[in-house]
Amino acid sequence: GEWTINVNNPNDFIEKVWNLSIPYICRGVVIKPNPNNINENICEWMNEDELTIDKIKLFVNIFDESGRRSIKWEQINGFKLHCWMSKTIVVHIYKYSNNVNCKKAFDLVSRT
């Protein structure tokens, strides 16, 4: 879908993107190496109360199509927002977290 976001500062932008992303986030998961088996990973599910705005980096990535690059959340400032006026910025939302970024990880999450 498409969103139009009108904000005046970076904090409002982050809050708006987070609030729009929440319905697409299923449940947070972090994939870690299994301490008992070096060739295997395990997933740890986040509690629902852990899904707070400070976790936005785990679930949402911003991509500037005009510059063809990913934007770190720390780089978003008033100047960047001004540059983005009337431009399309792509928002990637990860259903489980950006830890689940390949088929092997998705299969692991699907089994648990």
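Visitor: Which residues have the most contacts inside the largest nonpolar core?
Guide: This is a predicted model. Its largest nonpolar core has 15 residues. In soluble globular proteins, nonpolar side chains tend to be buried together. The residues with the most contacts inside this core are Phe 13, Ile 56, Val 60, Ile 62, Trp 73, Ile 76 and Trp 84.

Visitor: With which residues is Trp 73 in contact, leaving aside its neighbours within four places in sequence?
Guide: Trp 73 is listed with the most contacts inside the largest core. Ring pairs also link Trp 73 into a cluster with Phe 13 and Trp 84. Beyond four places in sequence, Trp 73 is in contact with Phe 13, Ile 14, Val 17, Ile 56, Lys 57, Val 60 and Ile 62.

Visitor: How many residues are in the second, separate core?
Guide: The second core includes Ile 31, Ala 105, Leu 108 and Val 109.

Visitor: Which element gives the most to the lining of the largest pocket?
Guide: The largest pocket has a volume of about 680 Å³. Of its 23 lining residues, the closest to the centre are Trp 3, Thr 4, Ile 5, Lys 87 and Ile 89. Two elements give two or more residues to the lining, α3 (78-83) and β5 (89-93). The one that gives the most, with four residues, is β5.

Visitor: How many of the residues of that lining are nonpolar, polar and charged?
Guide: Take Trp 3, Ile 5 and Lys 87, which are among the lining residues closest to the centre. Trp and Ile count as nonpolar and Lys as charged. Over the lining, the division is twelve nonpolar, nine polar and two charged.

Visitor: What separates the C-alpha atoms of Phe 63 and Ile 89?
Guide: Phe 63 lies in strand β3. Phe 63 is in contact with Ile 89, and also with Arg 68, Arg 69, Ser 70, Val 90 and His 92, leaving aside neighbours within four places in sequence. Along the chain, Phe 63 and Ile 89 are 26 residues apart. Their C-alpha atoms are separated by 5.9 Å.

Visitor: Is Phe 63 buried, partly exposed or exposed?
Guide: The relative accessible area of Phe 63 is 25%. Buried means under 20%, and exposed means over 50%. Phe 63 falls in between, so it is partly exposed.

Visitor: Why is the ring pair of Trp 3 and Tyr 24 called tilted?
Guide: The whole structure holds six aromatic pairs. In this pair, the ring centres are 6.5 Å apart. Planes under 30 degrees apart count as stacked and those over 60 as edge-to-face. The planes here are at 45°, so the pair is tilted.

Visitor: How many residues apart in sequence are the parts that the pair of Trp 3 and Tyr 24 ties together?
Guide: Trp 3 lies in the segment before α1. Tyr 24 lies in the loop between α1 and β1. The pair therefore ties together parts whose separation in sequence is 21 residues.

Visitor: What angle do the ring planes of Tyr 96 and Phe 106 make?
Guide: Tyr 96 lies in the loop between β5 and α4 (103-111), and Phe 106 in helix α4. Tyr 96 counts as buried at 13% relative accessibility, whereas Phe 106 is partly exposed at 38%. The ring centres are 6.1 Å apart. The pair is tilted, with its planes at 55°.

Visitor: How far apart in space are Cys 26 and Ser 97, C-alpha to C-alpha?
Guide: Cys 26 touches Lys 95 and Tyr 96. In sequence, Cys 26 and Ser 97 are 71 residues apart. In space, C-alpha to C-alpha, the distance is 9.0 Å.

Visitor: Is Ser 97 buried or exposed?
Guide: Ser 97 has a positive phi of about 155° although it is not a glycine. Its relative accessible area is 1%. Buried means under 20%, so Ser 97 is buried.

Visitor: And Ser 86, is that residue buried or exposed?
Guide: Ser 86 lies in the loop between α3 and β5. Its phi is also positive, near 65°. Relative accessibility is 83%, and the cut-off for exposed is over 50%. Ser 86 therefore counts as exposed.

Notes
Residues are numbered from 1 along each chain as its sequence is written. This is a predicted model: local features need pLDDT of at least 70, side-chain atom pairs count only at pLDDT 80 or more; totals for chains, interfaces and linings use all residues. Side-chain values use heavy atoms; hydrogens and water are left out. Contact means heavy atoms within 4.5 Å. A nonpolar core is a set of buried Ala, Val, Leu, Ile, Met, Phe, Trp, Tyr and Cys residues joined through side-chain atoms within 4.5 Å. Buried means under 20% relative accessible area, exposed over 50%, partly exposed in between (1.4 Å probe, protein chains only). On a 1 Å grid over the protein atoms alone, a cavity is a set of points where a 1.4 Å probe fits but cannot get out, and a pocket is an open set with protein on both sides within 12 Å along at least five of seven lines; lining residues have an atom within 4 Å of a point. Grid points are joined across faces, edges and corners, and a volume is the space filled by probe spheres set on the points.
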